[in-house]
Each structure stands twice: as C-alpha cells, then as structure tokens.
Amino acid sequence: YGTSRINALSHLEIGGVDTVDLAQKYGTPLFVYDVALMRKRARAFKETFDKNQVKAQVAYASKAFSTIAMINLAEEEGLSLDVVSAGELYTALAANFPVERIHFHGNNKSVEEITMGIEAGIGCFVADNFYELQILQQIAKEKGTIVSVLLRISPGVEAHTHDYISTGQIDSKFGFDLKSGQVEKAIEITRNSENLELLGVHSHIGSQIFETTGFLMAVDTIFEAIEKWSNELSYVPKVLNLGGGFGIRYTEEDNPIPPENYVVEIIDKVKSHVKHLQIEMPEIWIEPGRSIVGDAGTTLYSIGSNKEIPDVRKYVAVDGGMGDNLRPALYQAKYEAILANRANDIAEEKVSIAGKCCESGDMLIWDLPLPKANPGDILAVFCTGAYGYSMANNYNRIPRPAVVFVENGDAQLVVKRESYEDIIHLDIPLKSKLKLS
Ligand code: LLP
C-alpha cells in the first residue's frame with residue numbers, strides 16, 4: 001500500500017520511516033498514517049473533476065478519521081469537509097478549516113448543533129427531515145441570516161454492503177423519502193423560506209461499495225425526479241451531492257475499482273441526463289471518507305500471550321483490539337497483517353489475533369498466516385485508517401492509542417496516547433460513602 005516497503009533490516013517501512021522505530025518511540029498500539037497516500041487519494045478525486053471540467057467539491061467525510069492534523073491536511077489538499085456532529089464541527093473549527101467549505105450532516109442535529117453551525121457561518125447544512133428544516137428556518141431567522149441547504153434524499157437504492165452501513169434504501173432513518181412526495185414538500189418549504197437557500201439535493205447510498213451500479217441508479221432516480229421538479233415546480237438543483245461510500249481493498253477478497261473511476265462514471269451519467277433534459281450542469285459534490293484515509297492507516301501492536309488448543313486453533317494476543325478497532329466485532333470486517341519487525345519471514349502457521357478486552361468477540365483477525373510470533377514482535381494490521389481511531393473507545397478503561405503521521409522520512413505525533421489520568425478525568429467520586437456497621 002502507498003509508500004509501504006520492506007527495508008534492509010527486514011522491517012516494514014511507511015513514508016520512509018521504520019515502523020519498528022515508531023513502535024519503540026511512541027509505544028503500541030499505534031496508528032501510523034501514510035500522508036503521501038492520503039494526498040494521492042485526495043488529488044485523484046479532485047483531478048478527475050478538473051480533467052472533466054466539472055465544478056465540484058470533494059468533501060472529506062471526517063467521521064472516517066477526524067483529528068485536527070487530518071483536517072489540516074484536508075485543507076492543504078483543497079478538500080471541503082463533511083461533519084456530522086458538534087464534536088466534528090468543533091474539531092474543524094479548532095483546525096481553522098475554512099468555514100465556507102464545511103457541510104453539516106446528521107439525521108438528528110440538535111438545536112445547539114444547528115446554532116453552532118449557523119454562528120460559525122458554515123457552507124451548508126444537509127437537511128435530513130422536516131423537523132430540522134423548521135429549526136434551521138427558526139434559528140436563521142432569529143440570527144437574521146440566510147442558511148444554505150441541501151436536501152438529503154433517500155433514493156430507494158440498495159447498496160450491496162453490510163446492512164449496518166447501507167443507507168440509501170427506502171426503509172432508512174436518513175433523508176426525505178423520494179417516492180412519497182416528501183422531497184417536493186421539502187423543496188417547497190425551503191424555497192418559500194426567506195432564511196433558507198436551497199442549493200440542491202444530496203444522496204448517500206452506503207459505504208464500502210465496490211460497484212458503480214448503485215451510484216448510477218441513484219443518479220437515474222434523482223434525474224427522474226429532477227425532470228418532474230423542473231416541469232412541475234420549475235426547480236432544478238444547482239448542486240448534486242452523491243455522498244461517499246467508495247470501497248477500498250482490505251483483503252484479497254476485495255476488488256474495488258480505482259475511486260476516481262466512480263467519479264468518471266458518475267460525471268458521464270449526469271452529463272447525459274443534463275443533455276437530455278437541456279438543463280444547466282449542476283455542480284457535483286462527493287463525500288469520500290474511507291477511500292481517502294482507509295488504506296493509508298496501519299496499526300502497530302505488540303504481541304503478548306498466546307494459547308494453542310491442539311488440533312483446534314492458536315490464539316495470539318496483541319495489546320489492543322476492539323478498543324482501537326471495533327470493525328471486526330461490529331461488521332465481521334476482515335484485515336491483513338504481517339510481522340513488522342520480521343517482514344521477510346515466511347508464514348509458517350495460521351493464527352487468530354485476539355485483542356485484550358474481556359470479551360470473546362474481541363478478535364481482530366481469524367486464521368491469519370504468520371511466521372511463528374514471539375512476545376514483543378510487532379504486528380502491523382493494514383488498512384485501519386478509516387473508522388478505526390474514529391470509533392475507538394475506552395472499553396475496559398483501556399487508553400486509546402497515539403496517532404503518528406509519516407511522510408518523506410519524517411514522523412509527526414498528531415494525537416497523543418491517552419493516559420490513565422485522561423481515563424478518569426471526568427469521574428467525580430461518590431460524595432457520601434455508605435457506612436456499613
Ligand atoms: N457521506 C455520508 C452522508 C455518510 O453517511 C458517510 C458514511 C460518508 C459520506 C462517508 O462514507 P465512506 O466514503 O467513508 O464510505 N463505520 C462504518 C462506516 C459507516 C459510514 C457512515 N457514513 C465502517 O466502519 O465501515
């Protein structure tokens with residue numbers, strides 16, 4: 001992946017930095033991000049739009065990995081930013097991200113969150129439901145301002161991915177239902193409001209998608225609706241946001257197409273509809289998260305105990321697990337890994353990588369071919385850059401790992417390792433202890 005290679009010491013090297021040195025210096029578990037690879041991914045999206053002369057915004061879906069340094073990088077690469085909560089917005093503001101390029105998502109934004117977004121002057125809200133439109137209108141009016149809005153549509157397209165990360169189908173908690181006239185009603189409400197400006201529509205069909213079919217179906221469905229809106233409401237959206245969801249390769253089983261190919265096909269499809277309807281070409285916005293950061297992230301763990309059950313299985317345990325990577329437990333997600341300190345050694349056995357949480361489901365990888373691993377060896381798990389750190393938690397009060405960015409031989413700590421003080425810093429001791437006599 002990216003700038004990863006095996007160096008003369010038979011160590012895994014990323015961004016010109018020896019990962020064994022990183023593990024020693026910063027401790028494990030450790031997230032290591034290949035900055036050059038993230039830049040490459042971001043640029044590929046942007047350049048595809050430029051080459052096709054389509055006005056576009058590529059909004060990095062910060063839920064995939066939201067930290068100040070990552071947001072700084074998104075800014076450097078000229079990306080826009082998708083946030084879904086006050087916490088993500090706060091992070092973006094703390095990173096001084098240009099507010100006009102921030103898009104606020106979410107199916108249940110609170111009054112506080114909407115107020116925070118409006119006060120910050122963010123680029124737009126992706127409105128999800130009628131209640132939100134009402135609050136947006138009300139707060140915008142109170143503040144005497146005009147708020148730009150995209151309407152999130154649920155296009156009725158089912159993406160072939162895990163149920164939990166599929167969002168475009170009719171029976172979904174997200175967006176205005178396209179089939180029942182809700183979208184038309186939302187268009188009317190927004191256009192009739194003095195404090196809302198309708199920029200266009202949004203659709204996101206799911207995540208970790210390997211085919212373009214779903215996106216193209218969503219575009220077809222939306223343009224069917226646009227034809228109707230154009231005739232009946234004289235409304236044509238200026239912006240078409242098609243969300244994220246471009247799949248990446250976690251293991252050999254995954255066969256994604258290059259992310260920019262999705263964009264090319266989407267552009268062609270949109271252009272053909274625009275030509276047919278003889279309307280102005282809308283701006284196309286996309287929201288890639290995983291496809292920008294996913295394969296750029298590697299987690300380094302130290303190997304500890306093991307347990308061999310004769311004729312059944314060998315467990316090899318690492319010093320992290322579902323606390324820093326919830327995806328295997330939540331989605332049965334699969335990963336590949338190697339020994340970073342003996343990267344040239346041949347795999348001799350199949351082992352199952354166990355996390356350290358008090359839970360049988362805390363297994364990171366089943367049946368991984370690996371050289372005979374010893375305590376102290378460093379395991380590098382690949383493709384952990386998306387929804388790893390961002391879904392990290394403190395189950396069993398295990399501190400979250402540190403995060404390091406590597407590029408051109410330099411390593412920069414971008415998130416400190418949590419300390420035990422951090423773990424208890426919100427706790428308040430019980431006031432009066434029960435006195436048992
Ligand atoms: N836009 C919207 C409206 C979304 O809901 C999402 C992801 C994205 C963009 C970015 O999708 P991406 O390009 O990263 O696939 N935790 C799950 C993924 C949940 C995705 C939620 N929404 C996982 O670990 O696979």
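**The ligand shell, the domains and the helix packing**

Me: Which of the 23 residues around the ligand come nearest?
Reply: A residue is near a molecule if its C-beta atom, placed from the backbone, lies within 6 Å of it. Among the 23 residues around the ligand, those that come nearest are Ala61, Ser207, Gly244, Gly289 and Tyr387. Two elements give two or more residues to this shell, namely helix H10 (290-293) and helix H11 (327-331). Helices (H or I, at least four residues) and strands (E, at least two) are DSSP runs, numbered from the N terminus. The residue numbers themselves start from 1 along each chain as its sequence is written. Please bear in mind that this is a predicted model, in which local features need pLDDT of at least 70 and side-chain atom pairs count only at pLDDT 80 or more, while totals for chains, interfaces and linings use all residues.

Me: How do the residues of the shell around the ligand divide by class?
Reply: Ala, Val, Leu, Ile, Met, Phe, Trp, Tyr, Cys and Pro count as nonpolar, Asp, Glu, Lys and Arg as charged, and the others, Gly among them, as polar. On that scheme the shell around the ligand holds eight nonpolar, ten polar and five charged residues.

Me: Into which domains is the chain divided?
Reply: Domain bounds are taken from an automatic or database domain assignment. Here the chain is split into domain 1 (5-33 + 294-416) and domain 2 (35-291). Their centres, taken over C-alpha atoms, are separated by 33 Å. Domain 1 brings 22 residues to the contact and domain 2 brings 20 residues, where contact requires C-beta atoms, placed from the backbone, within 7 Å. On the side of domain 1 that touches domain 2, strand E20 (402-407) and strand E21 (410-415) each supply at least two residues. E20 gives the most to that side, with four residues. By class, that side of domain 1 has 14 nonpolar, four polar and four charged residues. The ligand shell draws at least three residues from each of domain 1 and domain 2.

Me: At what angle do the axes of helix H8 and helix H9 cross?
Reply: Axes are lines fitted to C-alpha atoms, for helices over the stretch in contact, and angles run from 0 to 180 degrees between N-to-C directions. The axes of H8 (residues 213-232) and H9 (residues 259-277) cross at roughly 25° and come within 10 Å. H8 is therefore roughly parallel to H9, since angles under 35 degrees count as roughly parallel, over 145 as roughly antiparallel, 65 to 115 as roughly perpendicular and the rest as oblique. The residues in contact include Phe215, Leu216 and Phe223 of H8 and Tyr262, Ile266 and Leu277 of H9. In total, the contact of H8 with H9 has nine nonpolar, two polar and three charged residues.

Me: Is the crossing of H2 and H9 left-handed or right-handed?
Reply: A crossing is left-handed if the near helix is turned anticlockwise from the far one by less than a right angle, and right-handed if clockwise. The crossing of H2 and H9 is right-handed, and H8 also passes H9 in a right-handed crossing. The axes of helix H2 (residues 35-51) and H9 come within 9 Å, at an angle of roughly 20°, and these two helices are therefore roughly parallel to each other. Arg41, Ala44, Phe45, Thr48 and Phe49 of H2 make this contact with Pro259, Glu260, Val263 and Val264 of H9.

Me: Which residues in H4 meet H5?
Reply: Ala86, Leu89 and Leu93 in H4 meet Glu112, Glu113, Met116, Gly117 and Ala120 in H5. The crossing of H4 and H5 is left-handed.

Me: Where is aspartate 311 found?
Reply: Most residues other than glycine have a negative phi, and most peptide bonds are trans. Aspartate 311 is not a glycine, yet its phi is positive, at about 65°; this residue is found in the loop between strand E14 (297-309) and strand E15 (313-318). The peptide bond from threonine 28 to proline 29 is cis, with omega near -5°. Proline 29 is found in the loop between helix H1 (19-26) and strand E4 (30-34).

Technical notes: Two residues are in contact if their C-beta atoms, placed from the backbone, lie within 7 Å.
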